Amino acid sequence: MPRGSRMVGARAAVLVGIVVVLVAATAGTVSAQQAGNTTTVNSCRTIDSSGQYALTGTVTGDLDDPNAACIEITAGNVTLDGQGHTVAGTGAGHGVEIDGSRGPVTNVTVENLQAHNWSIGVFALETDNGTIRRTITENSTEGIALGASSNYTLANNTATGSAIAIALGGQSQNNTLRRMTAVENRWGIHFERESANNTVVNSVARNNSRWDYYSERNDNENIVRNLDLATGTFSFSERNVALGAVTSPPPLPRGAGNLDSYVEATGTRGGQAAISLTMSYGNARNPVALWRHDGQHWSRVADSQTNGAASTVSANISEFGSFAALSDAGANAGGPVTVSADQGPAVQRNLSTPTATATPTATPAPTPTTIPGSAATEQAPSANATPTAARGESEATESSGIGIVRTVFVIAGVIGLIVLGIVALRGRNDRGPGFNR
């Protein structure tokens, strides 16, 4: 091969090697950008683009406008992961708001965060098909609220120390509330203004100073399955009814035995009030019936049905008062009773912050009780389901793989440059006195 051609080839090869190294570095950078597709949030802001967002620490907002929001989501297809962190306010405004009032907003998920000291901790306004899960709201006027929002799933949320724990209003319909905890508020779970056809399943409402459950101004029913109050577990379908625990019932009628299952039910405003109530009770050796106290006297509720196998007693109720599942205990029973109120586990006040190395494990879900005669049953998640890796773990693994690939490309490029440099030096050594510069 002529010397000139050899030098041209060497120079071209050197250029190719440089390109290889640059491509390797660029490819690693681009891949790293693709892996880090979660946008971090460390201050109050508006989220107006679809995607994944995550809090990196406590976000504090000092808002004067009670209708303003610290973190406002105005786009659909958004996931906001609090990663266990807190959105903290000073009493006014909304901690996190999903706002569809200016255009359609659907498929938004808010999860794994705490919201303290707001007029509303987490608020969905005029949106559909969203999810709010694993949140803790505290010291707010309303913990979690839906306004004119439907087809939401609210799951594993705790609300405490607020005026209203969980509020659905303004035609918020066809929503599902699962494993909710409303403890030590003024009102617990609250539905109003045509917020019907909602379902509450396997939830807790205890020690709320006004009512544990409250519904008003609804033309249709809401359905509740397995709601734990301090004095029993209750399932019901209702329209415009309020319920609360009875920890100091009136003295029992002669011959009635205490089973520690009591509830007060009353009609509210805004329409016809009715409830189909099922009360659970503990072990009873003798027959059990549903009794009502009207403020003066106890009497058996007509047409109540007892299911001994399920330890429940049920009746359709349109006259209100205090209700109790009482056993037939003979002539010597009755009189004053002391109720063993169930305080349940301590209120969860903090979320654990996930780590990239945590390995999730499947845990058996409790088997829910089915209301006798109910057409619907709650499907518990399978204990054998394969858990999804935490986002931090997935991204750490992906980033590690990208780093390895990038390193291999760079090493290959450097080796190529060394080899090609040797070739170029050999070409220079072959140059004779007649080399044409």
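Two strands count as paired if DSSP finds at least two bridges between them. In this predicted model, strand 10 and strand 12 (residues 142-147) meet that condition, because 5 bridges join them. The protein has 437 residues, and its secondary structure comes to 2 helices and 30 strands. The points below treat the protein as a whole, then one set of paired strands, the salt bridges, one serine and the disulfide.

**The protein as a whole**

- Of the 437 residues in the protein, 44% are buried.
- The accessible surface is about 21300 Å², and carbon and sulfur atoms account for 49% of that surface.
- Among contacts in the protein with a separation of 6 or more, 60% are between residues 24 or more positions apart.

**Strand 10 and its partners**

- Strand 10 spans residues 120-125, and 5 of its 6 residues are buried, which leaves the strand mostly covered.
- Strand 8 (residues 94-99) pairs with strand 10 in the parallel sense, over 5 bridges.
- Within that pairing, Val 96 stands opposite Val 122 of strand 10.
- Strand 12 also runs parallel to strand 10, and Gly 147 in strand 12 is the bridge partner of Leu 125.

**Salt bridges**

- Side chains of opposite charge can pair when their charged atoms come close.
- Asp 99 and Arg 102 meet through their side chains in a salt bridge, with an N to O distance of 3.0 Å.
- Asp 99 has a relative accessible area of 6% and is therefore buried, whereas Arg 102, at 63% relative accessibility, counts as exposed.
- A salt bridge of 2.8 Å, N to O, joins the side chains of Arg 349 and Glu 138.
- Arg 349 lies in the loop between strand 30 (321-328) and helix 2 (391-429), and Glu 138 lies in strand 11 (residues 131-138), so this pair ties together parts that are 211 residues apart in sequence.
- Arg 349 counts as partly exposed, at 34% relative accessibility, while Glu 138 is buried, with a relative accessible area of 13%.
- Glu 319 and Arg 292 form a salt bridge between their side chains, at 4.0 Å from N to O.
- This pair links distant parts of the chain, 27 residues apart: Glu 319 is in the loop between strand 29 (312-317) and strand 30, and Arg 292 is in strand 26 (residues 288-293).
- Glu 319 is exposed, at 55% relative accessibility, but Arg 292 is buried, with a relative accessible area of 17%.
- Elsewhere, salt bridges that share partners join Glu 192, Arg 193, Glu 216, Arg 217 and Arg 269 into one network.

**Ser 203**

- Ser 203 belongs to strand 19 (residues 199-206).
- Buried means under 20% relative accessible area, so Ser 203, at 1% relative accessibility, counts as buried.
- The side chain of Ser 203 reaches two backbone nitrogens: that of Arg 179 at 3.4 Å and that of Met 180 at 3.0 Å.
- Leaving aside residues up to four places away in sequence, Ser 203 touches Leu 177, Arg 178, Arg 179, Met 180, Asn 226, Leu 227 and Asp 228.

**The disulfide**

- A disulfide is a covalent bond between the sulfur atoms of two cysteines.
- The structure holds 1 disulfide, formed by Cys 44 and Cys 70, whose sulfur atoms are 2.1 Å apart.
- The torsion about the S-S bond of Cys 44 and Cys 70 is about -90°, and the disulfide is therefore left-handed.
- The pair links distant parts of the chain, 26 residues apart: Cys 44 is in the loop between strand 1 (38-41) and strand 2 (45-47), and Cys 70 is in strand 5 (residues 69-73).
- Cys 44 is partly exposed, at 30% relative accessibility, whereas Cys 70 is buried, with a relative accessible area of 2%.

Notes. Residues numbered from 1 in each chain as written. Predicted model: local features only at pLDDT ≥ 70, side-chain atom pairs only at ≥ 80, totals over all residues. Heavy atoms only, no water. Buried < 20%, exposed > 50% of the residue type's maximum accessible area, 1.4 Å probe, protein only. Helix = DSSP H or I, 4+ residues; strand = E, 2+ residues; numbered from the N terminus. Contact = heavy atoms within 4.5 Å. Areas by Shrake-Rupley, 256 points an atom, 1.4 Å probe, with all protein chains shown as cover. Polar contact = N/O pair within 3.5 Å; in protein donor to acceptor, adjacent residues only side chain to side chain. Disulfide = S-S within 2.5 Å.
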